[in-house]
Amino acid sequence: MSKSMSVHAFLEIQNISKTYPGVQALHGVSIDVNQGLVHGLVGENGAGKSTLIKILAGAETADPGGEIRLKGQHFEPATPKDALVGGISTIYQVFNLLPDRAIMHNVLLGQEPAKRGILNMKVMKSETVRVLDMLGAGHLSPDTLVGKLKVGEQQVVEIAKALVNKSELLVMDEPTAALNQAEAEALFDNVRTLRAEGVTILYVSHRLNEIFDLADTVSVLRDGEHIVTGDITSFTRESLIEAMIGRKLEGVFPERQGEPGDEILRLNRISSDKVLSDVSLTLHKGEILAVAGLSGSGKTELGKVIYGDLPIDQGQITVAGEPFRPQPARAIDHRVIYLPEDRKNDGVLQELSVRRNISLSVLRNRVANRFGILSPKRERQVAQEQIDGLDIKTPTMEQEVLYLSGGNQQKVALGRCLAADPEVFIMMEPTQGIDVGVKFEIYQFIVEQAAEGKAILLISSELAEILGLAHRVLVMHDGRIIADLDTGQTDQEEILRYALGDTKDKVTTHMSGE
Amino acid sequence: MSRQQAIKFLGDQGFIIIFVVWCVILALATDSFATSGNAFTILRQASIIGVMAIAAHLIILLGDIDLSAAAVMSLCGVLMAGLIVRNELHPIAAALLVLGAGALIGVANGLIITWIGINAIITTLGTASILGGLAFIYTGGKTIYGDPIDRIEFLARGRLFDTIPVSVIIMFVLYILAFLMLRYTTYGAHIFATGNNKKASWLAGIKVDRVKVQSFVLAGILAAFAGIMQVARQGTATAGMGADFLFPVITAVVLGGASLQGGRGKILNTLIAAIFLTTIANGMILLGVSIYAQRIVSGAMLILALSLDRLRTVRV
């Protein structure tokens, strides 16, 4: 299987570029992928991984000038069907399954065994069982509706489709993103099984642990360019990260300044439906208070009730000593602001300009006069202030947010919050899915805000970030706060132990703190 | 120009090109099209559709559709005629009552949509049926006519300086106001934001339900006003007088480039599209096309409008 044996690599990507309006997503990328290996593809968000996958899958066409060769033959899929026929199957993060059809109909979709249009159900079942067995999923019945399956099982169905298609190259895009630990382990086994069968796998992930576990070779993309390809053994964790971000890793958190002052927010025995029970906390000016917990622990809901995104059944909230009934518009009047968890859908308005996104929450108070007439000049000032202060990378403030990178979209969302001059800042997963570089800037932002006396409630799944930034951490489990810890005197293990409560079978990969 | 830019240009401005081509054809094929008299005729005919289209534009910007607008226009039209003919009210008093009725219907639509949470299409389909029924009961199925209606005739037939029709001036003034409101007021900004992403707007502190109710109230008032204009034009009022307006009004807004998903649309393009649609009708009459063939063209225009909408939303 060594490279010297054949002239051509199994898959040759040669000088592939892709330009979108205003963005060059890929810039003359050339990568060779050898047969029968697991080839890792890593890079930050926006590095061009997804674009490259889409070109291989026939969902996008590359700019003229480059070429893809599969087994030495020119390969240019114009449609997803072309790619499939050519032997390339792609498993996206969002599955391509028919939830209301049985497993066997999904597995054999488009290649049903039939005679004169009549399906041969016997062959359908046996073929489905055969591939499911290969994937260690013999317990699944071919008649089960796909919509009833767990996420990990649905992914098995996707892989089974690729097997039935006799694909020689399987492209997997962030395959563990939605899986729990056990499901992820099962997936790794299947990847190894497929490799043993001679299938070549292009494994796209930003989880370096998985790359080091699974991949034989790895390629790094950065800003649409191919940086390096090599045997996984030639990399260390640090050298791989450096290749991804293009500079030395700044792993340290910015230093906190100042100590918490007066109380500003108090929750008194708050309950909400079945997700929060009897939750109390106090937050002080200048304090960074983190909330940790597994998914389903209630930490997300805790952030939501304070802002009115989720109704309160019982209990009271006070802001600066005054009773407060949560609702977004009212919260902003009380100078409580909220950075939503789902940045793309809730944090920014994709099709509006950077300018309008930033000014949105303060149009009435800072941009309009008392008759509701907007001043374009004041609006530009409000936006420019935040663009400068947060170093938002955008060609002009009129650019639609949609064309900004994830990190810059998050900065726009932060800018909108900051323009409202908040005293209490509820941040939901502020660095989730954000590049390492911008992540550090956001950490700095959080620390600076606290130093200026703002109270910050940091709701996060990243333990490193919690320990690095917060004064205190509240750990939630099953809708309750079960620990209130000083970050100077605790560690990841202790937080995780509390987060798990008494049960031990609920660990998800989201808490790995990678 | 790249292919993507070409598609975007066609999607945004395509109908204007068709408009120009159509005008050139008519100017060459007929003697009467390219005259200033005919231009004012077209604008006068466009005025009521134009006013209705402002209302539809606001609602479509929110990502909703108001199917009750034509019924509001009918009911308010017969009310106007009834109040001045049967009850012998002064036209100004009658107009204020009728506009108030339009506003009230808007409140009802808005509250059903926001409080009860029924989607706008179903809600306004329901209210359209109720209002249509009320209009028939009020008129008893008969045409309302009488001399007092002459007192508002100037709305349709009056001319400023003996040249520019009053109805045309009204239309242009309303468009300028709508344009300024959408671009330079908090309320206008909130409409765009709400139509673009309701949840994110709400989280950003915008009272999205209030924005919706306000918009339906405005839409109700505009439809009522269009009803008054139509009474002035016809000199009579019938329960079905607004029925023919629903279709061209929505066609105009979509043809003008407003996205049915909400959040996107230029009010001045809606105005141009409303005039364009009227020009098509006018041209077909000049060319002697039968009224039935005109319906075929109307349907084709709606599909063309939606095809352009598709072009705009394709992400290339």
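1. Two strands count as paired if DSSP finds at least two bridges between them; strands (E, at least two residues) and helices (H or I, at least four) are DSSP runs, numbered from the N terminus. With that in hand, Gln14(A) has Glu67(A) in E4(A) as its bridge partner.

2. A word on the ground rules: this is a predicted model, where local features need pLDDT of at least 70 and side-chain atom pairs pLDDT 80 or more, while totals for chains, interfaces and linings use all residues. Residues are numbered from 1 along each chain as its sequence is written, and chains are lettered from A in the order in which they are written.

3. Now the sheet. In chain A, 4 strands make an open, antiparallel sheet, ordered E2-E1-E4-E5. E2 (23-33) and E5 (73-74) of chain A each have a single partner strand, so one side of each has no neighbour in the sheet. Further in, E1 (residues 11-20) and E4 (residues 67-70) of chain A pair over 4 bridges, antiparallel.

4. Have a look at Leu149(A), in the loop between helices H4 (121-134) and H5 (151-164) of chain A. Leu149(A) counts as partly exposed because it has 19 C-beta neighbours inside 10 Å (buried is 20 or more, exposed 12 or fewer, partly exposed in between; C-beta atoms are placed from the backbone). Ile103(A) is 46 residues away from Leu149(A) in sequence, yet their C-alpha atoms are 9.3 Å apart.

5. Last, the interface: 24 residues of chain A are in contact with 20 of chain B (contact: C-beta atoms, placed from the backbone, within 7 Å). Helices H10 (328-333), H11 (343-347) and H13 (363-367) of chain A each supply at least two residues of chain A's side.

Conventions. Two residues are in contact if their C-beta atoms, placed from the backbone, lie within 7 Å.
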